[in-house]
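Please look over the structure before reading on.

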Amino acid sequence: GRFIVLISFYALTAWGATFQWRVLESPKSLYVHQSVVIRYECGFSDSAAEYTVAFKPQNTADYNVEILTQRDRVSEGKRFQTFDVLITPKREGRLRVNLDALVRHTTFASIENATIGRDNVKKYDFNDEKVVLPLVTIEAKGNSAALTGNIVLSLQVDHKSVRAHEPVHLSLFLKGSGNLNQFVPYELNISGVKVFAEPPHKTLTPSADGFEGEIRQEFALISEKSFVIPPFSLSVLDTSSGE
């Protein structure tokens with residue numbers, strides 16, 4: 001999907017310091033099962049050392065959502081917290097992404113009391129404020145493929161000829177970028193063959209379109225007779241071409 005800059009924001013002045021939420025990046029449209037980042041920013045009017053943000057977005061019937069990265073910086077005496085949120089539509093149509101967060105404030109006196117045990121204070125005193133983040137509207141286009149992105153499937157077999165009851169090791173590799181976190185492990189059934197499968201080993205890092213890296217799945221096949229390994233297939237939507 002294409003990224004746009006939105007000007008929606010939410011501002012509060014409840015405890016002296018001012019803070020404002022806004023959306024820095026958001027897709028206009030994407031495909032069902034395609035994962036794309038929405039970038040939110042909470043900007044404070046000062047260093048805001050006494051503020052924390054609890055942001056735990058929840059999945060809905062329309063989409064899955066999770067935080068990929070969180071960054072905290074101070075620029076010219078002002079604090080900014082940035083959250084990269086991965087959104088994955090579950091259905092076709094117009095989606096309303098309406099998330100919320102909890103902004104927590106405590107005074108320096110409370111921190112000092114809890115630190116030195118003054119007046120038998122054992123914990124910090126917080127003032128919590130639930131904040132509704134700017135609305136993001138996304139058009140989700142239909143898609144029946146299992147995965148989306150730029151993904152390559154490959155196989156390796158260590159032997160094509162073995163003695164009866166000796167194992168044949170089969171390695172499956174899924175490489176590229178996209179919604180690799182939604183990969184469903186393969187199940188292999190061959191008549192007359194004992195199949196031993198390991199859980200997939202995933203080496204994935206967050207990316208703009210979900211995750212990038214590699215998934216490896218290992219099988220050991222044992223039989224007393226000759227056998228044929230059937231072909232593996234995978235349905236992938238190329239988000240650049242829409243095919």
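Two strands pair if DSSP finds at least two bridges between them. Strands (E, at least two residues) are DSSP runs, numbered from the N terminus. The model is predicted: local features need pLDDT of at least 70, side-chain atom pairs count only at pLDDT 80 or more, and totals for chains, interfaces and linings use all residues. Residues are numbered from 1 along each chain as its sequence is written, and side-chain values use heavy atoms, with hydrogens and water left out.

**Strand pairing**

Gln-156 stands opposite Ser-171 in strand 14.

| Strands | Sense | Bridges |
|---|---|---|
| Strand 13 (residues 147–157) and strand 14 (residues 168–178) | antiparallel | nine bridges |
| Strand 13 (residues 147–157) and strand 18 (residues 236–237) | parallel | two bridges |
| Strand 9 and strand 12 (residues 136–141) | antiparallel | five bridges |

Thr-148 has Leu-237 of strand 18 as its bridge partner.

Three strands make up an open sheet with mixed pairing, in the order 4-12-9. From one strand to the next, the twist averages 35°; axes are lines fitted to C-alpha atoms, and angles run from 0 to 180 degrees between N-to-C directions.

**Aromatic pairs**

Rings of Phe, Tyr and Trp (its six-membered ring) pair if their centres lie within 6.5 Å; planes under 30 degrees apart count as stacked, over 60 as edge-to-face and the rest as tilted. The whole structure holds ten aromatic pairs. Trp-21 and Phe-55 pair edge-to-face, at 6.0 Å centre to centre and 70° between the planes. Trp-21 sits in strand 3 (residues 17–27), while Phe-55 lies in the loop between strand 6 (51–54) and strand 7 (63–75), 34 residues apart. Both Trp-21 and Phe-55 are buried (under 20% relative accessible area, 1.4 Å probe, protein chains only). The rings of Phe-44 and Tyr-51 have centres 5.2 Å apart and planes at 50°, so this pair is tilted. Phe-44 and Tyr-51 are both buried. One aromatic cluster is formed by Trp-21, Tyr-40, Phe-55 and Phe-83.

**Largest pocket**

A pocket is an open set of points on a 1 Å grid where a 1.4 Å probe fits, with protein on both sides within 12 Å along at least five of seven lines; lining residues have an atom within 4 Å of a point. The largest pocket has a volume of about 300 Å³, the space filled by probe spheres set on the points. Of its 17 lining residues, the closest to the centre are Lys-160, Val-162, Val-168, Ser-226 and Phe-227.

Conventions. Helix = DSSP H or I, 4+ residues; strand = E, 2+ residues; numbered from the N terminus. Buried < 20%, exposed > 50% of the residue type's maximum accessible area, 1.4 Å probe, protein only.
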